[in-house]
Amino acid sequence: MKKINLHHTHLPLKILFFIAKLCHIKFSLLIIHKSLGLLMYIKCWGARGSISVSGSNYLKYGGDTTCLELRTRNNEIIIVDAGTGIRRLGNYLIKNKDSRYNMLFTHAHWDHIMGFPFFKPIFFPETKLNIIRCPAPEKYIENIIKKVMSPPYFPVKYKDIQGSISYTKGCPGSFMIDSVKITPIKLNHPDSGCGYKFEEDGKIFVFLTDNELGYVHNGGLSIEDYAIFSKNADLLIHDSEYNDEDYKKKKTWGHSTVNQAAELAKMAGVKALGLFHHDQDKHDDDIDRLVETAEIYLKDYGIKVFGVSADMEFYL
Ligand SMILES: [Zn+2]
Ligand SMILES: [Zn+2]
């Protein structure tokens with residue numbers, strides 16, 4: 001499991017990690033989060049774009065599609081997107097005896113919702129799932145989820161869910177989940193959608209997947225707008241599916257190049273950039289090359305760059 005330390009100032013943690021390293025102790029960041037309760041904790045359960053993949057060429061960055069787990073200071077769980085990565089997250093939450101969750105969606109393309117019926121906790125009566133009405137208000141997301149679990153698409157129906165699902169108001173304005181302030185922004189993507197800024201105790205995490213910075217879609221915004229939105233973020237995770245050569249053929253498809261994502265990181269003055277929504281046909285070494293491209297682009301700006309992979313954990 002990969003751990004990314006983006007917390008540069010917290011001395012007790014630095015000492016804890018130093019001692020653990022000396023003693024060859026490995027522990028989950030989640031355990032630290034739970035015991036100290038002072039970090040914004042994020043784990044990626046899927047970073048692949050468009051369709052899940054498997055095989056020996058995908059071991060480093062993983063094959064599952066979009067799903068993130070965030071934990072607030074008080075250990076409230078926020079799940080972002082139900083790509084195929086949510087299946088493993090669900091199994092983990094059951095094992096961990098967590099039964100209360102909040103869920104947010106960026107948009108309704110298949111790779112961001114197809115895992116929902118495989119999120120096993122929905123079939124447990126003790127589960128309490130609060131779905132935020134995003135990316136559009138009213139019954140938009142409710143209707144999407146019901147459709148995913150209806151004939152002829154899936155054999156188990158929405159009405160057969162055993163856990164309780166509630167829907168609460170969210171987009172288009174800012175809203176709170178426990179101690180985290182969440183601010184949505186329109187994505188630059190076919191069929192639209194929302195990116196999100198998560199703020200807690202002065203820490204900022206911005207998540208913009210399926211966002212094309214080189215072309216303005218209906219309802220989308222300019223790179224300058226996304227830079228203002230992402231200003232001074234501790235971590236920006238951004239769509240960076242293509243290299244410049246790919247983009248010649250795929251402009252308007254709704255995704256960014258790695259150089260566009262790096263330019264946004266530079267304009268916004270973020271501390272770290274995570275490359276995300278990896279193309280289904282890009283193998284691990286192809287993604288390594290995208291990371292190198294971004295490193296070259298940002299070499300004079302002191303911005304940490306990495307490719308986000310499944311099972312990567314962050315604390316801010
Ligand atoms: Zn996608
Ligand atoms: Zn999409």
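Analyst: A crossing of two helices is left-handed if the near helix is turned anticlockwise from the far one by less than a right angle, and right-handed if clockwise. Helix 8 passes helix 9 in a right-handed crossing. The model is predicted: local features need pLDDT of at least 70, side-chain atom pairs count only at pLDDT 80 or more, and totals for chains, interfaces and linings use all residues. Residues are numbered from 1 along each chain as its sequence is written, while chains are lettered from A and ligands numbered from 1 in the order in which they are written.

User: What makes helix 8 and helix 9 oblique to each other?

Analyst: Their axes cross at roughly 40° and come within 9 Å. Axes are lines fitted to C-alpha atoms, for helices over the stretch in contact, with angles from 0 to 180 degrees between N-to-C directions. Angles under 35 degrees count as roughly parallel, over 145 as roughly antiparallel, 65 to 115 as roughly perpendicular and the rest as oblique. Helix 8 and helix 9 are therefore oblique. V258, N259, A261 and A262 of helix 8 meet L290, T293, A294 and Y297 of helix 9; contact needs C-beta atoms, placed from the backbone, within 7 Å.

User: How do you know which stretches are helices and strands?

Analyst: They are DSSP runs numbered from the N terminus, with helices (H or I) of at least four residues and strands (E) of at least two. The protein chain has nine helices and 15 strands.

User: Why is H107 called buried?

Analyst: H107 has 25 other C-beta atoms within 10 Å. A residue is buried at 20 or more such atoms, exposed at 12 or fewer, and partly exposed in between, so H107 counts as buried. H107 is found in the loop between strand 5 (100-104) and helix 4 (110-113). Beyond its neighbours within four places in sequence, H107 has contacts including H112, P135, L187, H189 and D210.

User: Why is K60 called partly exposed?

Analyst: With 14 other C-beta atoms within 10 Å, K60 is partly exposed. K60 lies in the loop between strand 2 and strand 3. Leaving aside neighbours within four places in sequence, K60 is in contact with D284 and S309. K60 and H283 are 223 residues apart along the chain, yet their C-alpha atoms are separated by 9.0 Å.

User: What makes strand 8 and strand 14 edge strands?

Analyst: Strand 8 (175-177) and strand 14 (304-307) each pair on one side only. Pairing requires at least two bridges found by DSSP between two strands. Three bridges join strand 8 to strand 9 (residues 180-186), and these two strands run antiparallel. In this pair, I177 stands opposite V180. Helix 9 (residues 284-297) packs on the sheet, touching strand 13 (272-276) and strand 14. The open sheet has seven strands in the order 8-9-10-11-12-13-14, with mixed pairing.

User: Which residues have the most contacts inside the largest nonpolar core?

Analyst: They are I79, F205, L236, A261, A265, L273 and A294, in a core of 80 residues. Helix 8 (residues 258-268) supplies the largest share, six residues. Such a core is a set of buried Ala, Val, Leu, Ile, Met, Phe, Trp, Tyr and Cys residues joined through C-beta atoms within 7 Å.

User: Which residues of helix 3 are buried?

Analyst: In helix 3 (residues 85-95), they are G85, I86, R87, L89, G90 and L93. These buried residues pack against strand 2 (41-46), strand 3 (67-71) and strand 4 (77-80).

Methods
Two residues are in contact if their C-beta atoms, placed from the backbone, lie within 7 Å.
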